[in-house]
Amino acid sequence: MLGVGGAAALAGCSGGDGGGGSDGNGTNETDGDDGGDTNTDMSTYSTAVSASFTTLNPIYNDENGAGNAIARALDQGYTFDEENRYVPLLYDMSTEDGEVWTFEIREGLQFSEPYGEVTASDFVYLIQEIHQGGWASSVSATYWTGVEVEQTGEYEFQATLESPQLLWPESFEPLLYPIPQELLEPYVTEEDQEGLRQDEELLELQFSGNLGPYVLDEWQRDGGTQYSRNDDYYLQDADDLSDAFNEAPYFEGAEIQVLGEQASRLGALETGEVDQAAIPPERVQEYQDKDGIYVNQVPQPYNEKLSVNMRDNGWTTGPGNMFRHKPFRQAMATAIDKQSLIQGVFRDFAETHFTWQPRFSNFYPPEEDIPQFGVGDRYGSEVARDLAEEAFEQSEYDYSFDGETMVDPDGNQVQLSLYHSAGQETEQLMGEFIAQELGNNLGIDVSIEAIDGTRFDTEYYTTTDFPTPERNEDGEVTSVPDELVDTVNGEEVEWTSPTATNPGPRNITGNEDWDMEIVYGLNTFPRNPLTNAVFFDGATGSYNPVGYYPEFDAQTLFDNARQASSEEELADALVELFANLAEEQPYIMLAFPDSTVGYREGLEGPIENFSNGWNLPAWRYE
Amino acid sequence: MGFGKYVGARVLWAVVVSLIITTVTFLLLAAAPNPAIREAATQAALQGGDPAAAVERERELRGLNQPLYVRYMDFIQSVYTLDWGWSESRSQPVTEALLQALYYTAQYSIPWTILTITLGPLVGVYSAANMYSWRDHVATGFAFFGYAIPNFFFGIILLLIFGVWFEWIPISYDTSVPVFSLENVRQLIMPVFVLVTGSIGATMRVSRNESAEFQNSDFMKTAKAKGVSPLRAYAYHVMRPTLVPLSTTLVGQLLALFIGSSLLVEVVFGIPGLGRLTFNALVSQDTNLVLGSTLVFTFVAVVGNLLEDLVFTVLDPRINYDDR
């Protein structure tokens, strides 16, 4: 799921607050508590988050936190339950071949006056005029490129994909918000993007009718949002969902508060003033022992990995970028003890990470198919050095070991930098551990640098200064500059659509040099792993800041997966893909930290599952 | 030059200063890369479009293809007509964002400022009057403690004690309570206390040392000899001259605290005020909002300095403007 900012949509700063399910690091706070020392009002379901929202305009939001704030008042098309089954909310989706998808809109969905009932034409208009219009730059625009949409009934429309995608719903690409056609029309006529972004009805969700569990009363920037119960919530009448929704939501109001300071969030949880808060791993034990609070451990698909820069602005220690050699990356993965990392830094609240999927994924390869670097026999100095020496032999430069130390052709110790987000304690600890392991097991001198995430992104990780191919009036590429051509595995490859996160071949780089980073964690998309094509679909994938050139035929495997006509075929292709990625270590994979969330005793609904929060309107106190 | 002319000249100078600052800000902005253009290029590339054409379109849309002087004139006009643009990081007009944030900042900064400028000199003079007694040591210790302990840390400790342990104050800030209500006092008492203890120290120490000088002066001895009551003597003959040099440091100190301390205190206590707005605007590269808050602080600084100069004449009649 690639949004406007590319990196922003794919990557989250790692080592953050974690959070639970759809709710990030939520806490709950009482509303209208006008005195008294205790806060036991359970009529308002309010959560607190660490960061404020950029926009609540559903067409332009690409933030998880703001998505949760919108979701309080406006449902999207569908969701997935704890068994990973499709749950229709606004519409049901069906297909026979994975290519033509039929959307059936639930009847009885109402916008606020004067917009009337939600029909297929609202969705079709949104897709065709906004997402496919080419002028609006909506967040979902990329998802609908090349999809043909046609209204086939008052409550039904069809989408035809360029090629079959059995897991299309799982990619969340066909996930739509209901937006009234009449509201959009003036902006479409004028192609007024600025007006659409700034529309007050969209920003304040004034059109939400019966389409969400709550109605947005106020959005106080930097303060949060306040809602009151939507008595007409459409899911109350839905007979295809569990009875728990019949009286949903179970709170008179809702609130999301922005509390920037972790101590404040935890303090509020402790007093019962809030009833949900993310707990940092090092304090989970303490909160598990407290009365009135329970802590859930929720598996997540966001990883902790070490990026190694294979572009020309990486490997600053000497000539010949060793990161480009597969055995060297394997050596690094072998040098870092994953179990100790998980115990020491994540206090056991994490899973080992060997390939680009978490273990709970249906597409996780059989254990015997993937090399497990960094545990058991595949951890340690000796095995890491053997792999490093294999890499030295592949290099045209004379790297070697001088006793315990890895040295460059001039005999100087290899020195590398490792960047982490400033102020992120978990990340800093992880950086120190990695530096220590690479020092002990490979004799590399690693210096740790703290940096602001935005600065690292704009100055180091990405660049907007890249050549672009020439195009004709229809937008087709007519010629590609030489700088955008490189030889990958003996074949000539052209970068026809360079992006800030993959600006071209390895010689096109960000402004500043960097060797390794742990600033960003990435999504591994376990529901629809095909989305990982943005990372690994050949050297030209749209997100490839590290300049990774796959040494196996990734494109064919992705193509096989895309063209699969059954789930078995799909699984076969993907399992092979992930076995190869485990071997190649395009990023040095380390761990999948769990999200650890504390809840107020008695709150029913939270589950220790990736889908935690899917049925949020049905959460309640016993 | 008479007082009226002096004020006129100073106001004119204030306008010139604000124009210079605005111009420098404009030049810095013009030289910096625009994140919206970067976004447009990325978006075009992801959709299989032409990033170069998208950049050109975006530049045109934002008027960046105009000559610099035209953009400068537009900019200056917008600044002085309060058309400060749209805040991308908050999705609202910049002026509205600033007013909203100021509304919450004012609720704690007004009591904080009043308490600091009244309590500081009072405690200082009291300390001087009881110099080297245990009272002086307690007051000095209190001042140094407040000055030395970082505000955000002190805030967290107080929240822990009075919020978590005793549950006397709420942990999270509620924007929906009325300004003049007991709930608002409850939720603001700690932020104000933290800020006052942080800022009172310097004021108190300066006024203590200044007033120590005046309490042994000839006019004080005369006043005592004439039987003037100690309260009146200190209020008129010590406090007043003490405030003259103090007023030069007050404005600067309070402004610095306004920006620095209020951010951290706002973060700890969850207050959606000006400090957090400015910080978030900077971090998210929201240029319009950064500019807006810069202008607010410029305005506050220029007006603050102006007021400071005018206050001199009120406090000390010996200062006049005839020869300026």
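Me: How many residues are in the largest nonpolar core, and which have the most contacts inside it?
Reply: Nonpolar side chains in soluble globular proteins tend to be buried together. In this predicted model, the largest nonpolar core has 191 residues. Those with the most contacts inside it are A:A331, A:M332, A:A388 and A:F578. Helix 16 of chain A (residues 567–584) gives the most to this core, namely nine residues. A second, separate core has nine residues, among them B:Y234, B:V238, B:L243 and B:L246.

Me: Which residues is A:A388 in contact with, leaving aside neighbours within four places in sequence?
Reply: A:A388 is in contact with A:F328, A:A331, A:M406 and A:L442. A:A331 is also named among the residues with the most contacts inside the largest core.

Me: What can I say about chain A as a whole, starting with its helices and strands?
Reply: Chain A has 16 helices and 29 strands. The radius of gyration of chain A is 25 Å, close to the 25 Å that the globule rule gives for 622 residues, so chain A is as compact as a globular protein of that length. Along the principal axes, its C-alpha atoms fill a box of roughly 75 × 65 × 45 Å. Of the 622 residues in chain A, 53% are buried. Among contacts in chain A with a separation of 6 or more, 70% are between residues 24 or more positions apart.

Me: What is the average pLDDT of chain A, and where is the pLDDT below 50?
Reply: The average pLDDT of chain A is 88, and 93% of the residues score at least 70. Over residues 1–40 of chain A the pLDDT is below 50. Beyond near neighbours in sequence, that stretch has 155 contacts in the model.

Me: In what order do the strands of the four-stranded open sheet in chain A come?
Reply: The order is 5-6-8-7, with antiparallel pairing. Strand 5 (91–95) and strand 7 (148–153) of chain A are the edge strands, each pairing on one side only. On average, neighbouring strands of this sheet are turned by 25 degrees against each other, direction ignored. Strand 7 of chain A is joined to strand 8 (residues 156–160) of chain A by five bridges. A:G153 stands opposite A:E156, which is in strand 8 of chain A.

Me: Which strands of the sheet does helix 3 of chain A touch?
Reply: Helix 3 of chain A packs on the sheet and touches strand 6, strand 7 and strand 8 of chain A. The direction of helix 3 makes about 165 degrees with that of strand 7 of chain A.

Me: Is strand 14 of chain A enclosed or open, and why?
Reply: Five of the five residues of strand 14 (residues 304–308) of chain A are buried, so the strand is largely enclosed by the rest of the structure. A:E304, A:L306 and A:V308 point one way from the strand, A:K305 and A:S307 the other way, and all are buried. Strand 14 of chain A runs antiparallel to strand 26 (residues 588–593) of chain A, joined by three bridges; there, the bridge partner of A:K305 is A:M589. With strand 24 (residues 516–517) of chain A, strand 14 pairs in the antiparallel sense over two bridges. The bridge partner of A:V308 in strand 24 of chain A is A:M516.

Me: Which residues other than glycine have a positive phi here?
Reply: Most residues other than glycine have a negative phi, and most peptide bonds are trans. A:N84 has a positive phi of about 65 degrees, and B:S91 has one of about 55 degrees. A:N84 lies in the loop between strand 3 (78–80) and strand 4 (86–88) of chain A. B:S91 is in the loop between strand 1 (86–87) and strand 2 (92–93) of chain B.

Me: Are these residues buried or exposed, and why?
Reply: The cut-off for buried is 20 or more other C-beta atoms within 10 Å. B:S91 counts as buried because 25 C-beta neighbours lie inside 10 Å. A:N84 has 16 other C-beta atoms within 10 Å and is therefore partly exposed.

Me: Where are cis peptide bonds found?
Reply: One joins A:E113 and A:P114, with omega about 10 degrees. A:P114 is in the loop between strand 6 (100–105) and helix 3 (120–131) of chain A. The peptide bond from A:A248 to A:P249 is also cis, with omega near -5 degrees.

Key: Residues numbered from 1 in each chain as written. Chains lettered and ligands numbered in written order. Predicted model: local features only at pLDDT ≥ 70, side-chain atom pairs only at ≥ 80, totals over all residues. Buried ≥ 20, exposed ≤ 12 C-beta atoms within 10 Å, placed from the backbone. Core = buried A, V, L, I, M, F, W, Y, C linked by C-beta atoms within 7 Å. Contact = placed C-beta atoms within 7 Å. Pairing = 2+ DSSP bridges. Axes fitted to C-alpha atoms, helices over the stretch in contact; angles between N-to-C directions. pLDDT = per-residue confidence, 0-100. Rg over C-alpha atoms; globule rule 2.2 N^0.38 Å.
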